[in-house]
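Hi everyone, thanks for coming along. Let's take a look at this one together.

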Amino acid sequence: MARPKASGESRATGGLRSAGRRARWSREVGWFVVIGIASTVGQALLYWSLRGLWPPAVANLVSLLVLTVLNTEANRRLTFRHAAARPFRAHLGAGGLFLLGYLVTSGAVLAFKHVDPGAPRTAESLVLAATSVLVTVVRFAVLRWAVFRGPGRGDTEPSPRGAAASAG
């Protein structure tokens with residue numbers, strides 16, 4: 001049975017927990033957006049340069065692979081830095097997301113090339129970047145709630161009393 005709370009205790013601690021969750025959420029989204037923009041630009045530039053040498057699917061595979069590794073490590077260190085996930089788990093989870101991202105982005109570029117075979121590489125790169133934005137929303141959700149979950153990643157913060165009891 002739960003202990004009755006003194007008046008105002010639940011409101012004060014609930015407000016602090018809520019503010020902490022909002023601050024963490026804002027920080028995570030902010031870092032994820034910054035890293036995502038840099039990754040999307042990097043992938044589009046790398047794709048555009050590789051596209052002169054290779055067909056669309058191969059250029060996308062190489063550019064996505066390179067940027068996924070860099071993106072995952074940046075998110076592990078900056079966005080989800082307080083998560084308990086080790087590098088192996090983070091990169092393994094990102095590997096599954098890589099496959100999904102590759103299939104979706106390659107499908108979009110190949111469909112675009114089918115509709116407009118004479119389209120320039122810059123147009124292909126724009127289709128790739130736009131599709132990557134959609135994949136990124138799914139990626140954030142999966143990374144946050146599946147890959148980087150665990151102790152310290154729940155949406156409820158431990159109460160100050162619980163934290164003090166476990167520290168001592």
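A word on naming before we start: helices (H or I, at least four residues) and strands (E, at least two) are DSSP runs, numbered from the N terminus. What you see is a predicted model, so local features need pLDDT of at least 70 and side-chain atom pairs count only at pLDDT 80 or more, while totals for chains, interfaces and linings use all residues. Residues are numbered from 1 along each chain as its sequence is written, and side-chain values use heavy atoms, with hydrogens and water left out.

Let's begin with the pocket. On a 1 Å grid over the protein atoms alone, a pocket is an open set of points where a 1.4 Å probe fits, with protein on both sides within 12 Å along at least five of seven lines; lining residues have an atom within 4 Å of a point. Lining the largest pocket are 13 residues, and Phe32, Val33, Val133, Thr136 and Val137 lie nearest its centre. Helix H1 (9-51) and H4 each give at least two residues to that lining, with H1 providing the largest share, eight residues.

Now to the helix pair. The axes of H2 (residues 56-79) and H4 (residues 121-147) come within 13 Å and cross at roughly 40 degrees; axes here are lines fitted to C-alpha atoms over the stretch in contact, with angles from 0 to 180 degrees between N-to-C directions. Where do H2 and H4 meet? Pro56, Asn60, Thr68, Asn71 and Thr72 in H2 touch Glu124, Leu128 and Arg139 in H4, contact meaning heavy atoms within 4.5 Å.
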